[in-house]
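This report covers the aromatic rings of the structure shown here. Please keep the sequence at hand while reading.

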Amino acid sequence: MSKVDNIMDKFEGALIGGAVGDAFGYPLMALSFAEICQRFEKSGALELAVSRKTGTALFTEATQMALFTADGIIWAYNENVAHENGAVANYVFYSYQLWLYMQTRSIAGSEYEWLFNREQNPNMSSLLKSKGLGKKRRLNDNNLNALFDARNGVFGTLGRKLNNNTDAGAVKRVLPVGLFYGKDSEMAFRIGCDVGAITHSAPNGYLPCGVYAAIVAELLQGNSVDDAVNEAMALLAAYPDNENTYAALQKAVDLANDDDIEPREGLDELGDGVSAVSCLAIAVYSAILHQTNYKFAIALAANHDGDSAACGAITGGILGVWYGLKKLPKEWTKKVQYRNLLETVADVLYDKSEFQEPEDDDE
């Protein structure tokens, strides 16, 4: 496999691997771990569930919004502003307004009606044609409310705190940031924070977004999962109010490297899996501990009382980059809903990224 094919495979593996993790956790979201064990296996859910109606594994808002994040980045690229400070978040926000319409048939205000006018918006998203992306699957109220409240283009930023949202509603959707800016981990971190702050403008809501994006970028640069996490934590240390996120990640790393800790025991020490901080910590812990077994990692990340889908999605995204699509378990990846769409968006994102730019030959 050529270097180009290998990086594209990692883009595809990230989006599809994340969607699979999301879909694995979807049926578990409303259940406690005890209830999961009663309904599935004694040790929890171990296999990817498939909808009887569609014959596919259904993903949640996490993957829906990841696709619209990718769409916003591609839009910014087409407008030649993908590397201008703060500009990317504007286009991702517009893309989220389209997602909001698909979910609710409403937008924040009439000032966004131009988004649906082909003459005014020639970049109108093709995602609007995918009816399944409008299905309501465990929607995050904080995402919805923040998007509805964002009138006249005023949304949360690192310097404009509009809410105290710290749940996992933002971190689960920023995977495409890490992919597109994969050659520059620092930029991936910053833009990951920018994109997260659109709806989660408290540090404990957006800093995990930056970390996740930076981990993905580091993996694309060839680092191991452990090293990618450490490099992302080094970037995190430079941001204000990083204490909670940093401490949770350090705990996840320490637990994953402690041979005396049983996997579930370590998981239980990392929080509820609902907050962005604990959700990311669980994903990092699962990915490091089981980086040689994607299935084990997803099952560990999703089997608990908290946000099983978000934790599964982030773990799947991390290991999807690490493995690449070709090395992910085909018996799972072939079942995920909208597999072809996920692969297409990954390929377009790759085509627009700096990985497609010719590199200078070393002489």
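Ring pairs join Trp75, Tyr91, Phe93, Tyr94, Tyr112, Trp114 and Phe155 into a cluster. Two rings of Phe, Tyr or Trp (its six-membered ring) pair if their centres lie within 6.5 Å; planes under 30 degrees apart are stacked, over 60 edge-to-face, and the rest tilted.

The model is predicted: local features need pLDDT of at least 70, side-chain atom pairs count only at pLDDT 80 or more, and totals for chains, interfaces and linings use all residues. Residues are numbered from 1 along each chain as its sequence is written, and side-chain values use heavy atoms, with hydrogens and water left out.

Across the whole structure, a search finds 16 aromatic pairs. Two of them are set out here.

| Pair | Centre to centre | Angle between planes | Class |
|---|---|---|---|
| Tyr77 and Phe180 | 6.3 Å | 75 degrees | edge-to-face |
| Phe189 and Tyr239 | 4.6 Å | 35 degrees | tilted |

Tyr77 sits in helix α3 (residues 61-78) and Phe180 in helix α6 (residues 175-180), so the pair links distant parts of the chain, 103 residues apart. Helices are DSSP runs (H or I, at least four residues), numbered from the N terminus. Phe189 belongs to helix α7 (residues 185-197). Tyr239 is in the loop between α9 (225-236) and α10 (243-256), so this pair ties together parts 50 residues apart in sequence.

Which of these rings are buried? Phe180 is buried, at 3% relative accessible area. Phe189 is buried too, at 1%. Tyr77 is partly exposed, at 32% relative accessibility. Buried means under 20% relative accessible area, exposed over 50%, and partly exposed in between (1.4 Å probe, protein chains only).

Terms used:
Helix = DSSP H or I, 4+ residues; strand = E, 2+ residues; numbered from the N terminus.
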